Amino acid sequence: MRLVSGGLRVRRAAEPSEPESEETTEPAHHEHAHPEHHHEHTHPEHHPGHDYNHMKEKFMNELSHLPIPMWAVAAIVVLVLVLVACFIFCVFKKCFGKKKKPKKARERKAAGRRRKEKEGDGESGEKDGEGKKDGEEEEKEQEKLGKLEFSLDYNFTDSQLIVGILQAQDLAAMDMGGTSDPYVKVFLLPDKKKKYETKVQRKNLSPVFNETFIFKIPYAELGGKILILQVFDFDRFSKHDMIGEIKIPMNSVDLGQPMQQWRDLESGEKEEEKLGDICISLRYVPTAGKLTVNIMEAKNLKKMDVGGLSDPYVKIVLQQNGKRIKKKKTTVKKNTLNPYFNESFSFEVPFEQIQKVQVVITVYDYDKLGSNDPIGKTFMGYGATGVGLRHWSDMLANPRRPVAQWHTLMPEEEVDAALKAKPR
């Protein structure tokens with residue numbers, strides 16, 4: 001039995017050395033021939049270094065039997081090594097990277113950042129506030145339009161409101177030359193039936209007027225009125241520009257005694273309704289007693305038709321003491337708010353009567369089916385004020401020469417009331 005077990009041990013120990021036996025058959029025969037001697041020589045083969053060499057040789061032997069080429073195996077090994085290196089690097093960075101700041105430190109830093117932002121916002125807010133204040137001051141400075149001195153009195157015996165336009169100071173310059181040609185309009189709201197105008201003061205920003213205007217109105221009705229004083233810059237060839245205005249509610253004024261005061265002009269509101277403007281040329285020849293009225297053109301007329309246009313024509317009436325002497329009219333201009341006429345009409349007016357007649361201009365909208373609606377009206381001559389009076393005066397001062405002037409159209413009832421009123 002001992003001999004059999006010993007044979008088994010020798011056989012097991014001899015199995016790892018099969019590769020050597022394949023290479024050299026001669027030692028194998030020697031081992032089988034002398035089993036005792038082989039047993040003695042097997043002890044050095046169990047050395048760790050010898051085992052490692054055997055394992056390496058076995059691994060290389062198995063590797064050589066694989067069905068893939070060696071370069072593919074090398075590539076796989078390199079790929080595996082790269083993946084392992086990346087994994088190790090990530091673990092190292094996660095575990096040994098920069099540590100986060102403590103929570104309190106982070107909170108302190110965030111609070112400091114918020115505090116700086118608030119300070120920055122406060123500074124910008126202060127700057128914005130200063131900018132707004134500066135802008136408001138600049139606007140206020142720009143809104144200085146000048147001031148007007150006026151007087152108010154009421155005659156209880158004759159039921160008359162007496163308005164005095166005395167003078168103005170530091171008016172805004174409206175012309176290119178840095179001056180203005182101011183005059184003042186005076187009227188009562190809401191009716192506007194009677195409107196007065198002062199004389200124009202040429203190229204003067206601190207004009208003296210010293211003119212008085214009278215409104216006949218019962219004292220009981222005066223409380224619901226508003227007195228309007230509007231300062232305009234006169235312009236011969238275009239619409240007059242408003243410099244500023246003063247509104248005086250009559251229920252806030254003590255008319256028990258005369259008053260006189262200065263007030264700053266305020267920016268005027270735009271008129272609620274524009275009727276348009278008309279350009280008229282007047283020419284008078286005293287020796288022949290011939291008055292020529294040329295209706296040149298109109299602009300910005302009020303829309304009267306459903307389609308947003310009008311069919312305007314102009315009616316010219318020469319009258320004296322409210323009685324119509326002669327009337328003429330232009331042709332109709334279809335579908336326009338800016339008609340061009342350039343039509344002349346002549347009237348015979350003796351020189352001794354030229355100061356007593358009136359030329360009334362009315363712009364109508366022609367209507368085939370119904371009555372023709374008046375768009376606006378104006379007049380020149382006896383009893384006229386403002387532009388109408390100046391135009392007539394310029395015509396008389398320049399005999400035989402045509403004098404052109406733009407007139408703003410007024411409501412028909414307002415002009416009719418002025419025609420009936422006795423001139424100042």
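Biologist: Why does Tyr154 count as buried?

Modeller: This is a predicted model, so each value is computed from predicted coordinates. A residue is called buried when its relative accessible area is under 20%. Tyr154 counts as buried because its relative accessibility is 6%.

Biologist: Which class does Phe156 fall into, and why?

Modeller: Phe156 has 46% relative accessibility, so Phe156 counts as partly exposed. Tyr219, at 44%, is therefore partly exposed as well. For the protein chain as a whole, 33% of the 424 residues count as buried.

Biologist: How many aromatic pairs does a search of the whole structure find?

Modeller: The search finds seven. To describe a pair, look at the distance between ring centres and then at the angle between the planes; an angle over 60 degrees counts as edge-to-face. Tyr154 and Phe156 are edge-to-face, with 80° between the planes and 4.8 Å from centre to centre.

Biologist: What kind of pair do Tyr154 and Tyr219 form?

Modeller: That pair is tilted, with 55° between the planes and 5.4 Å between the centres. The pair links distant parts of the chain: Tyr154 belongs to strand S1 (residues 147–155) and Tyr219 to helix H8 (residues 219–222), 65 residues apart. Through ring pairs, Tyr154, Phe156 and Tyr219 are linked into a cluster.

Biologist: Which residues lie over the faces of Phe232 and Phe187?

Modeller: Here the thing to find is a charged side chain placed over a ring. Lys185 lies over the face of Phe232, 4.6 Å from the ring centre. Over the face of Phe187 lies Lys195, at 4.6 Å from that ring's centre.

Biologist: Which residues of the largest nonpolar core touch the most other members?

Modeller: A core is a set of buried nonpolar residues joined through their side chains. The largest has 30 residues, and those touching the most other members are Leu148, Leu161, Val163, Ile165, Val186, Leu227 and Leu229. Strands S1, S2 (160–169), S3 (182–189), S5 (208–216), S6 (226–233) and S7 (241–249) each give two or more residues to this core.

Biologist: What is Leu229 in contact with, leaving aside its neighbours within four places in sequence?

Modeller: Its contacts include Leu148, Phe150, Val163, Ile165 and Val186, along with Ile246 and Ile248. There is also a second, separate core of 28 residues, which includes Ile295, Ile316, Val357 and Val359.

Key:
Residues are numbered from 1 along each chain as its sequence is written. This is a predicted model: local features need pLDDT of at least 70, side-chain atom pairs count only at pLDDT 80 or more; totals for chains, interfaces and linings use all residues. Side-chain values use heavy atoms; hydrogens and water are left out. Rings of Phe, Tyr and Trp (its six-membered ring) pair if their centres lie within 6.5 Å; planes under 30 degrees apart count as stacked, over 60 as edge-to-face and the rest as tilted. Buried means under 20% relative accessible area, exposed over 50%, partly exposed in between (1.4 Å probe, protein chains only). Helices (H or I, at least four residues) and strands (E, at least two) are DSSP runs, numbered from the N terminus. A charge sits over a ring if NZ of Lys or CZ of Arg is within 6 Å of the ring centre and within 35 degrees of the ring normal. A nonpolar core is a set of buried Ala, Val, Leu, Ile, Met, Phe, Trp, Tyr and Cys residues joined through side-chain atoms within 4.5 Å. Contact means heavy atoms within 4.5 Å.
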